[in-house]
Amino acid sequence: MKRLLTLLLPLALAGTGCSLISTGDGESAAPPPESGEMPGTVVLVTHESFNLPKRLVRQFEEESGLDLEVRASGDAGELTTKLAVTRDNPIGDVAFGVDNSFASRALEEDVFDRLGVTLPAGVEEYVVPADAGERLAPMDVGHVCVNVDTAWFAERDLDPPATLDDLADPAYEGLFVTPSALSSSPGLAFLLTTVAAYGEDWPGYWEDLLANDTLVVDGWSDAYYGDFTQGGEGGERPIVLSYDSSPAFTVPQGSDESSTAALLDTCFRQVEYAGVLAGAANPDGGRVLVEFLLSPAVQAALPESMYVFPVRDDVELPAEWAEHAEQPADPYVVDPAEIAANRDAWLQEWRDLVTR
Amino acid sequence: MNRRLLGLLALAAVPVLVVGVFFVLPVGGMLALGFWPDGDFAPGAALEVLTRSRTIRVLGFTLWSAAVATTVAVLLGLPAAYVLHRTSFPLRRVVRALLLVPFVLPTVVVGVAFRQLLGDAGPLGFLGLDGTPVAIVLGLVFFNVAVVIRVVGGAWEGLDTRAGQAAATLGASPVQVFRTVTLPALRPAVTSAATVVFLFCATAFGIVLTLGGTRYATIETEIYLLTVQVFDLSAAAALSVLQLVVVVALLVLAQRARVVAPVSRAPSRPRRLSRADGVPVAATLLVLAFVAIPIVSLVAGSLQVDGRWSLQNYAALGTTGDRDALQVTVTQALVNSLRTAVDATWMAVGTGLLVALVVTRRSRAPVERRVRGLLDGFFMLPLGVSAVTLGFGLLITLDQPPLDLRDSALLVPIAQALVALPLVVRTLVPVLGGIDDRQRQAAASLGAGPLRSVLTVDLPVLWKPLLAGAGFAFAVSLGEFGATSFLAREDFPTLPLVIFRLLGHPGELNYGMALAASVLLAATTAFVMLLVERLRVTSVGAF
């Protein structure tokens, strides 16, 4: 045993490449492309859920002659904050992933430059009203919806809930779990759902929800994996806040029915935007990249790579999605300007309700 | 200024520069943004937040939870340090290595395991602890008890037992020996460990949110909320300053309590366990059970697919997950983690050694002592300040040549080394400080130069804690999430980032993979710790 370990130590050190300062820089050392009409690098800053298939990255680099460098970290809120504090010396050329709950902050802080990109068909529907697509180009759309464990309700001969009102119905007492609006982006979306649905009366609805023993946990992973009955960890609650796309992931092996369903009358629309940063080092390359992100090839890849729907209406959805991930026809929407104006007050009021 | 003081400052220059550039500058930049909102000094908006009753409540909860968690960790850690570092029993090293595992586990995974245990349907559900402050404290203790065991155990190991034996011969009971002989000798180490644990607890982020739900906020979670959600940088800056004030006050207190007296050291063989060790053994078993239960439930979960036992989750580690949830395979992320950890470790140990040497040399004048004291506290600061403030600060200050580093892959190991540095320093200082300076004088009078004196007097004693510190730094780097997630580049994610990403997607395979990846992370950490333990053993022969 002792000898074995002594032998393994050098091996372990060798395995790490004895990295003295070589951390991952090897890949970026590739020589700049020689062909193409626009040599140089374009830097895309985004959140950590961003995922562009490698073949599309290659396609972009071949077509444009640009090198694409992706810097992804944090969530949409962190991304927007980063852009705001670094606006005098931006951290890249293009930002992807500012969503409708943070769009107004980005616009107010002037972090985006004029885009000058013609939006393809179907995309106008998703622009920020105050901006009309001049700075922020819609990229993808997803919905935060209440999900239910259909098997759980079938076993008990109980109809699953269908509406927001149902969640406060004593028949569903103690069955709903949602992430916190303070620390989770879908959690904030659900708070906005209730604001859109109940207007001024949203605090009253939340009082009912809490009186019906709704559980509020830290993040989406805690809710879905820790407390939801279909989450794999022996959770206790068959109703959870998640996404419209989630049911496509809970199709058991050998079955073609998903074991969960999204309640399409409880959905809030989340749109993600991209734009060229003001003061970018390579604004022209940035525009080429935004146009590429709006191209049918990228839009069609969005569902599989990022679990969201394309904003273009002329691309086809993957078969599994078409079957299991239904989009709500009439989701709740709150104007980004209104969100920006009230977010702090709503969050404070919500916090006081939940922590009372 | 005399030459000694100049020498001291020269030696301190490198670590001071490192911490200055990568910590003071960014935090200062972020504070400036808060206090000079539009270029004009306007502290009014910032100070207003300090008068809110919520701020006072949050501060109170932060201090309370950190103090209780630190006390519990020390009370549980002391007997375990004794059993694991002074007595011998089979598998001792394996147990010591396993105890460091909590240090690297992702908080979400631990949170789920804890809540399963404490939740209404869990085996401990009858205690009704789910979502209470007690659950938060338990979580904090879980993550930090290893710090006490390591730091105190390292000092205890090299303690000369003869004074205690003499006291016992003179009729002192074991309790009296412990209280009057052992404890005073251990005090610097205990204070060191407690300070580090307190700072870790006071700045804990994920575990507070996961176990406390939305009900409990600490200064750290509040700074995050104010910065990212509310975008009130003035209020966030005020809270960061408040955090700094608390940390500095704590460090001053700790320094008073840590008055270092020379301690006689001699290599001693670990004793066999005897009946007299009943109490510490019982306490150690309690710690082990406490640490083991979440880990066992994690391992069990990782071995199940569809309610059946299976290795499928482990087989999937070579892939990028269900529907390519990841950019790289989990195994590739492990290699990334190990490479980053090697860099973070040499940075932390190199700087830490310099710092420890500087702050422990005996002072000849009050000025000198004060300078050393200041330096000592200065290097603890990174542990006590919000990672959010530091993270955003790095982006806005290190953005101009010659320090245009914000895109550099180097920032990740540097940030991790900054977190590990205080641990390395606190592991080395009690031992170095305990060396009787007369030994160095004796060496000098026998004709040894300064280097020779370090090699023959300091190094033999320092070798073990140095390895312990390196192990610590390695574990910190392997498990670090906050700073890494902020700075890491997408093509080079570490294992904790990959686990977080898997946990962010629905799908049973992704969840199973996240559990298996956490086990892989834990096993890697335990394995590296075991190797470190091996090296420590061979070093005994060198005495």
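**Note on chain B of a predicted model**

1. In this predicted model, B:Ala193 touches B:Val74, B:Val147, B:Val148, B:Val151, B:Val152 and B:Arg426, leaving aside residues up to four places away in sequence.

2. B:Ala193 also belongs to the largest nonpolar core, a set of 284 residues. Together with B:Val148, B:Val152, B:Ala420, B:Ala473 and B:Ala517, B:Ala193 touches the most other members of that core.

3. The domain assignment divides chain B into domain 1 (1–28 + 310–543) and domain 2 (42–147 + 186–260 + 276–296). Their C-alpha centres are 20 Å apart.

4. Contact between the two domains of chain B involves 37 residues of domain 1 and 36 residues of domain 2. On the domain 1 side, at least two residues each come from helix 15 (366–378), helix 16 (381–384), helix 17 (387–397), helix 18 (411–433), helix 20 (450–479), helix 22 (495–503) and helix 23 (508–540) of chain B. Helix 23 of chain B provides the largest share, nine residues. By residue class, this side of domain 1 consists of 23 nonpolar, 11 polar and three charged residues.

5. Regarding confidence, the mean pLDDT of chain B is 84, and 95% of the residues score at least 70. Among the elements of chain B, helix 3 (residues 53–86) has the highest mean pLDDT, 92, whereas strand 2 (residues 271–272) has the lowest, 76.

6. Residues 537–543 of chain B call for a separate remark: pLDDT stays under 50 there, and the model has six contacts beyond four places in sequence for this stretch. For the model as a whole, ipTM is 0.81 and pTM is 0.84.

Note on methods: Residues are numbered from 1 along each chain as its sequence is written. Chains are lettered from A and ligands numbered from 1 in the order in which they are written. This is a predicted model: local features need pLDDT of at least 70, side-chain atom pairs count only at pLDDT 80 or more; totals for chains, interfaces and linings use all residues. Domain bounds come from an automatic or database domain assignment. Two residues are in contact if their C-beta atoms, placed from the backbone, lie within 7 Å. Helices (H or I, at least four residues) and strands (E, at least two) are DSSP runs, numbered from the N terminus. Ala, Val, Leu, Ile, Met, Phe, Trp, Tyr, Cys and Pro count as nonpolar, Asp, Glu, Lys and Arg as charged, and the others, Gly among them, as polar. A nonpolar core is a set of buried Ala, Val, Leu, Ile, Met, Phe, Trp, Tyr and Cys residues joined through C-beta atoms within 7 Å. A residue is buried if 20 or more other C-beta atoms lie within 10 Å of its own, exposed if 12 or fewer, and partly exposed in between; C-beta atoms are placed from the backbone. pLDDT is the predictor's confidence in each residue, from 0 to 100.
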